[in-house]
Amino acid sequence: MNVLITPVDGIITEITNEAVALVKPGESINLTANLYFGIASTLFLAVVITVITERMVEPRLGAYTEVPEVEDVTEAEISVEAEGRGLRFALYGLLVVAVAVSLLSFIPGAPLRNPETGSLFDDSPFMDALIFIIMLLFLVAGLCYGTGANTLRGTSAAMEAITKTFAGLGGLIFLLLIIAQFIAYFNYSNMATIAAVKLADVLEGIDVGPLWLLLGLILVTLILDLIIPGVIPKWAILAPVFVPLFLRLGIAPQTVLAAYRIGDSPPNVITPLMVYLPFIVLLTQKYKKKSGVGTVVSLMMPYAILVAVAWVVLFVVWYLIGIPLGPGAPVDA
């Protein structure tokens with residue numbers, strides 16, 4: 001969750017609305033359905049994570065000693081004037097790209113909107129090109145900074161910088177190749193879909209109150225997140241099962257979505273299937289040569305467990321008090 005509305009919120013909201021339409025056609029929730037709970041969760045978890053870091057994780061790391069083998073890659077000093085000029089150029093480049101993307105996205109009938117529905121998030125060119133747009137923003141800003149600060153002198157210098165960057169990502173690319181093969185075989189077997197449906201069937205057959213069912217949904221999501229870290233594909237599997245189920249019990253879709261977001265997040269830092277894990281391991285090895293996946297997972301384990309527990313407690317208190325999850329989005333249907 002976040003203090004702001006993100007593209008992911010748009011996608012999972014649309015998935016939720018499609019699931020709602022299976023039971024109550026014409027009804028839907030909006031993008032801000034979990035906004036209040038998202039803001040509160042962000043601030044609350046920031047405090048929880050800070051305490052975990054200072055009291056549990058940081059003492060385990062010991063004092064940092066610089067590794068002598070690490071190559072000093074400090075570049076030549078840049079004058080204040082050149083740096084200021086580079087930052088201005090980077091800002092200008094960033095604004096130009098942002099304005100161009102906005103004109104192509106936010107105007108009704110813009111090319112990056114869905115040509116049939118006009119939606120910016122639902123099956124639109126904007127969402128398909130989101131990664132490219134983010135890359136373009138950083139690329140233009142970097143090139144403009146290099147031009148303004150005079151650190152990139154010609155195309156050969158730019159190509160050299162790109163080559164140097166990719167040379168340092170060799171280990172990451174190899175790990176991603178191995179993980180991609182594992183995920184491909186895993187998806188081919190349909191094990192994830194079968195596990196999700198079976199867990200949902202078990203939860204539906206339990207005769208308990210709504211709050212306990214919501215806690216069951218969180219538990220199912222926590223378990224499933226270890227094998228399907230992606231927030232969107234997992235919700236695409238669970239939403240058609242759980243949203244109609246909870247609607248029949250009088251629980252609002254926004255409440256189901258909030259419970260899902262709780263279960264979706266904490267295990268991401270420990271599952272080997274998280275796409276960012278190889279990159280984190282690679283960065284860790286710069287400071288501790290013998291670090292591996294086990295090192296990172298063991299360090300992240302307190303976050304996964306304690307954040308999940310603290311977040312569930314916040315959700316239970318929020319639900320029992322009956323605070324709206326967002327503007328016009330009560331916890332009860």
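**Notes on helix packing and selected residues**

1. The axes of helix H2 (residues 35–61) and helix H13 (residues 293–321) come within 9 Å of each other and cross at roughly 145 degrees, where axes are lines fitted to C-alpha atoms, for helices over the stretch in contact, and angles run from 0 to 180 degrees between N-to-C directions. The crossing of H2 and H13 is right-handed; a crossing is called left-handed if the near helix is turned anticlockwise from the far one by less than a right angle, and right-handed if clockwise. By class, the contact of H2 with H13 has 21 nonpolar, three polar and one charged residues, with Ala, Val, Leu, Ile, Met, Phe, Trp, Tyr, Cys and Pro counted as nonpolar, Asp, Glu, Lys and Arg as charged, and the others, Gly among them, as polar.

2. This is a predicted model, in which local features need pLDDT of at least 70 and side-chain atom pairs count only at pLDDT 80 or more, while totals for chains, interfaces and linings use all residues. Residues are numbered from 1 along each chain as its sequence is written, and side-chain values use heavy atoms, with hydrogens and water left out.

3. The secondary structure of the chain comes to 13 helices and zero strands, helices (H or I, at least four residues) and strands (E, at least two) being DSSP runs numbered from the N terminus. Of the 333 residues, 36% count as buried, which here means under 20% relative accessible area, with exposed meaning over 50% and partly exposed in between (1.4 Å probe, protein chains only). Among contacts with a separation of 6 or more, 74% come from residues 24 or more positions apart, a contact meaning heavy atoms within 4.5 Å.

4. Ser41 is found in helix H2 and is buried, with a relative accessible area of 1%. Not counting residues up to four places away in sequence, Ser41 touches Met1, Trp311 and Leu314.

5. From H9, Leu214, Leu217, Ile218, Thr221, Leu222 and Asp225 meet Thr255, Val256, Ala259, Tyr260, Ile262, Gly263 and Asp264 in H11. By class, the contact of H9 with H11 has eight nonpolar, three polar and two charged residues.

6. Helix H5 (residues 130–149) has 20 residues and reaches 29 Å from its first C-alpha to its last, close to the 28 Å expected at 1.5 Å a residue, the expected span being 1.5 Å times one less than the number of residues. The buried residues of H5 are Leu130, Ile133, Ala141, Gly146, Gly148 and Ala149, and they pack against helix H1 (7–21), helix H3 (80–105) and helix H4 (125–128).

7. Asn150 is found in the loop between H5 and helix H6 (155–167) and is partly exposed, with a relative accessible area of 41%.

8. Ile194 has its place in helix H8 (residues 191–204) and is partly exposed, with a relative accessible area of 47%. Ile194 and Ile237 are 43 residues apart in sequence and 9.8 Å apart in space, C-alpha to C-alpha.
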